[in-house]
Amino acid sequence: MPSLKEIKNRLTSVNSTRKITSAMKMVASSKLHHAQQMIENMLPYETMLEHILKTFLASEADASTVFNVERPVKRVALVVYASNSSLCGGFNANVIRLLQHIVDEYSEKLGMDNIVVYPIGRKVAEKAAKMGLHVAGDFTSLAEKPNVKQCIEIAREIGQKFVSGDVDRVEMIYHHFKSAGSQILTRKNFLPIDLTEELKRDRTRDLNSVVTSKEAQEYLKKNASTEEHKQEENVRPLNDNFLVEPDMNTVLSQLIPKYLHLMLYTALLDSIASEHAARMVAMQTATDNADEILRELNLQFNKSRQQAITNELLDIVGGSINN
């Protein structure tokens, strides 16, 4: 049985750890709130641009460009989103696991030399280098501070490679942010654009709450579905009768690059919000575990102290009897 001093030292150690995890949870919660606001500010533009492009392509039979035409896959590019730091649960491990699966899938058909990775985040960049993959550049700064201009440059570079035939398929790996308690690991086609897949994509989000408990999430989900039903009753359909000026190719050449830029930036914001949510959950779990350990150690400390007092009393009584 450990001594009182050993238990006391462990109590001090666990209590210090608990203070750190609690502080990190608060920091992650603040950063998550900021990330949610960035997504919320971007959503109106994303919704309208997606609506215009998809309804336009769906309503026009001859609306086709090089960006939505399937072709034999000889070379693949992967845009993978992770974080620069740890202590966020299985966030990075899940991304790396899916990356490994996709690389294995393509390497059997194309070979490792025909796979290029755009790693956004230090963790995935390190893993791609260890796997011997061709890395397109250093984009670790984006995982800390989302930059629209840099996302546009990446999307433009990938688009040019796709048009020139250097790359035949581009996929994205990231966490789609639904709520503080739910982030979905997503594998998504970037190029060629798959309208069927995009129209079925889940767009539900909770950008107001930072609650992570299961019961609270279920309650918020029920309320959100009721609000969405009310909004659907009042919504008015947009006019989808397009007049194409000056011509279809010119319009598509403007819309599709903007949409590609938006896809990269949206995935980046989703990944950053998911990272902070995962870290907040991990730190909350660590804090709860520390509370449980502290409770057990306090109980053990009190039992040991009581046992020590009892032994001293027995020694005193025994000594007085002998005398």
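Student: Which residues are linked with Glu171 in a network of salt bridges?
Tutor: In this predicted model, the network of salt bridges links Glu171 with Glu105 and Arg187.

Student: How far apart are the closest N and O atoms of Arg187 and Glu171?
Tutor: They are 2.6 Å apart in that salt bridge. Arg187 belongs to strand 5 and Glu171 to strand 4, so the pair ties together parts that are 16 residues apart in sequence.

Student: Is Glu171 buried or exposed?
Tutor: Glu171 is buried, with a relative accessible area of 4%. Arg187 counts as partly exposed, because its relative accessibility is 31%, and the cut-off for buried is under 20%.

Student: How many salt bridges are there in total?
Tutor: The count comes to nine. Among them is the bridge between Arg279 and Glu275, with 3.0 Å between the closest N and O atoms. These two residues are four apart in helix 8, so about one helical turn separates them. Both are buried: Arg279 has a relative accessible area of 9%, and Glu275 one of 5%.

Student: What about Arg295 and Glu292?
Tutor: Their side chains also meet in a salt bridge, at 2.8 Å from N to O. Both residues lie in helix 8, three residues apart. Here the two partners are partly exposed, Arg295 at 47% relative accessibility and Glu292 at 37%.

Student: Turning to the sheet, what is the strand order?
Tutor: The sheet is open and has five strands in the order 3-2-1-4-5, with mixed pairing. Its edge strands are strand 3 (134-135) and strand 5 (182-191), each pairing on one side only.

Student: How do strand 1 and strand 4 run?
Tutor: Strand 1 (residues 76-81) and strand 4 (residues 169-179) run parallel and are joined by five bridges. Val76 stands opposite Arg169 in strand 4.

Student: Which strands does helix 5 lie across?
Tutor: Helix 5 (residues 148-164) lies across strand 1, strand 2, strand 4 and strand 5, at about 40° to strand 5.

Student: Where is Ile158 found, and what is it in contact with?
Tutor: Ile158 is in helix 5 and, at 2% relative accessibility, counts as buried. Leaving aside neighbours within four places in sequence, Ile158 is in contact with Val79, Tyr118, Val170, Phe190 and Leu191. Val79 is 79 residues away from Ile158 in sequence, and their C-alpha atoms are 9.7 Å apart.

Technical notes
Residues are numbered from 1 along each chain as its sequence is written. This is a predicted model: local features need pLDDT of at least 70, side-chain atom pairs count only at pLDDT 80 or more; totals for chains, interfaces and linings use all residues. Side-chain values use heavy atoms; hydrogens and water are left out. Two strands pair if DSSP finds at least two bridges between them. Contact means heavy atoms within 4.5 Å. Axes are lines fitted to C-alpha atoms, for helices over the stretch in contact, and angles run from 0 to 180 degrees between N-to-C directions. Buried means under 20% relative accessible area, exposed over 50%, partly exposed in between (1.4 Å probe, protein chains only). A salt bridge is a side-chain nitrogen of Lys or Arg within 4 Å of a carboxyl oxygen of Asp or Glu.
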